[in-house]
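Reader: Could you take me on a close look at one part of this model, a sheet and what packs on it? I would like the cut-offs spelled out along the way.

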Amino acid sequence: MADVNMPKLSDTMEEGTIVEWKKKSGDPVKKGDVIAEVESDKATFDLESESDGVLDIIVPQGVPAKIGAPIARIGAPGEAPAAKPAPKEAAPKEAAKPEKPKAEPEAAAPPPPSQQARPSPSAPNGADGAPRVAGSPEVKASPLAKRLAAELGVNLAMVQGSGPEGRIVKEDVQAAAAGRTAPQRASAPTISRPSGPDVEVVEPTRMQATIARRMAEAKTTVPEFNVTVEARVDLAVSMRQQLKDSVPGADKVTMTDFLVRACALSLRKFPEVNSSWVDGRFQRKRRISIGLAVAPSQGMGLLVPVVHDADLKDLIQISIESRQVIERARSGRPAEGDLSGATFSISNLGMYGVDEFVAIINPPEAAILAVGAIKEVPVVDAGRIVPGKVMRMTLSVDHRVFYGATAAQFMAEVKRLIENPVTLVVPATQ
Amino acid sequence: MAEEKLYRVALREALAEEMERDESVYLVGEDIGKFGGAYRVTEGLLDRFGAQRVVDAPIAEEAIVGSAIGSAMLGLRPVVELMTINFSLVAYDQIVNNAAKIRYMFGGEAKVPMVIRMPGGAGHQLSAQHSHSFEVLYGLIPGLLVVAPTTPEDAKGMLKSAIRTDNPVMFLESMSLYNVRGVVPEGDYTTPIGKAAVRRTGTDVTIVGVSRMAVLAHEAAKQLEEEDIDAEVIDLRSIRPIDWPPIIESVRRTSRCLVVEEGWATYGVTAEIAAGVQERCFDYLDAPIRRLGGAQVPMPYSLPLEKASIPTSEDIKKLAREVVGRKPLDG
């Protein structure tokens, strides 16, 4: 009897799902036969049998299984699929001392009948000597977790381990015991889904309908290209901390506020970026107002509250104002102008750990800046490798409004400002 | 009023007080009289108690220990100072085959109330031959009591207990602890042999430290607090016998255990503790018991290499994070 375990197919894969069993329980299989189609987080692949025998499916179609978990067994024809009690006479030390079978209760004790038998009679308790968990011989769990699982009636095969190397630890068992319904649902796949059609139709909110229309319009009508830069933000990070710690009113200053200020100053230097293409003509905007893409506090959607005249405000003002305008927008009671009049937008997904991404332009604006997470990486500084903090920013550009060289210079300016954050804290000028 | 004293001063007080209290107590060792001891523990005692009771011995450890055993069998209470634990190897036969066994082999009619004080440990560029932590060589032997105090209070209290015990005691000091300062109670007190000390209570992991490593474990535990890891620290203090109850009680509570010694962990004191904890706490363990010891090399003379060969509080923190299942911190 050989276990078929959920294989690990990518670094990020934590569990996989059997899309389809190509064979049924009881079917004979040969080594190399495709027995299932398995879906990981990245792709779907064929799972081949590694031995000859009869298939015994453990995890049914559609149920996710963590990597390493047994999903099927392949046994000899006629072999009972369930665990057999360990034959007592198979314990080797006892066999060597037939006259005193009870003499060594500690070292040579056979596993209790509830424990899983191993195929080889010479290793009734597993080759590594580890006791096997009833019904799930390959589950890796701490002794404490095993004891708790027995006390609380938790099936360890249905528990995801959070310890080193996926080991099930105390907290996993306690969590499983507390949220008992979840593992039970997984273990009882015969329970059917709620009745009804396979596809549910959901009406979009008006906001969602608007977003859908405008994004499709932007993507189909705006000839767009992208420019990405990576900025060192060590100084900006430490300056932000300094501001938070020691400047009244700056306690909530964010990296986005730094970027609003940096973009506002750069837009003033490159007025062609602060422009629109309307009816075959350029519109140069005198005011510099920056939209901030944020998620609403409830439901799905997108809000773009605006910090107006950002180039005329210093960093602290921007910080206070952006927080207020975001709050008003999220509360559903925006002030007049809070959600309109932006000439440029910033979308920052850094807080979600995104490395970098490309945002869709919000017409009639000519550009939007997509900001990734600040990451600690080795950087080469004056010929030496040192730890540094970097952040990647991608500008999406309406190519009708301005061009590659301008985009590159604009991004170089944003990068220069964010890397020299002292330029962002000097007072705003007319 | 209890006051702060150096570890070496606490030891000196214990010796002097016991010599005052009991005329059968005498000191013997190399350079302990006129020179005051290689680590200045016996300074001033020759003047105070005379050459009969503070005996400067030739460089002959086997003879020193052998004569001490003989005198102990005949009713004296010798306190031997070996300059370092490294030189005790010369006297190992006397200690293992005579000191540890005589009381058994003579059916209890002779006993060996002897203390051997000796510092061990590395960190002073004394290189391969003079940097040992040999707790395990003595912890191994039935018939010996083996202790390793880490605070001035324990140094004094346990030395007094050792001197009053009718069995041979290996009193393991640490070169790196002689200048440690700590509160020492006033007056005559003893600290029992065979008792561990819980230095810090915690809920996430039990760190058992041997000798100086208990001090480092305590430092590490204080720093781990900032990472939201609440470590319990147990100072083993007594290597033979091992005081299991507080260790078991602690591990059953924390479900995790890390054991640290300065010497080699393979076949080490930590191996013994780890095995014993596993036997007694198996169903309570939420993670494998981890051991930390010195690098498996003869101690290098090079300072950076020597530092790299001795466990540090950072090493303890790193392993503690692993035991509690935390990812290593960035940077």
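Author: **The sheet and its helices**

Happy to! Helix H8(B) lies across S9, S10, strand S11 (231–235) and S13 of chain B, running at about 165° to S11(B). Here, helices (H or I, at least four residues) and strands (E, at least two) are DSSP runs, numbered from the N terminus; contact means C-beta atoms, placed from the backbone, within 7 Å; and angles run from 0 to 180 degrees between N-to-C directions, with axes fitted to C-alpha atoms, for helices over the stretch in contact.

This is a predicted model, in which local features need pLDDT of at least 70 and side-chain atom pairs count only at pLDDT 80 or more, while totals for chains, interfaces and linings use all residues. Residues are numbered from 1 along each chain as its sequence is written, with chains lettered from A and ligands numbered from 1 in the order written.

The sheet is open and mixed, with 5 strands in the order S9-S11-S10-S13-S14 of chain B; strands pair if DSSP finds at least two bridges between them. S9 (197–200) and S14 (290–294) of chain B are the edge strands, each with a single partner, so one side of each has no neighbour in the sheet. From one strand to the next, the twist averages 25°.

Strands S10 (residues 205–209) and S13 (residues 257–264) of chain B are parallel partners over 4 bridges, and B:Ile207 has B:Leu258 as its bridge partner in S13(B). Helix H10 (residues 269–281) of chain B also packs on the sheet, touching S10, S13 and S14 of chain B, with its direction at about 160° to that of S13(B).

Notes: Two residues are in contact if their C-beta atoms, placed from the backbone, lie within 7 Å.
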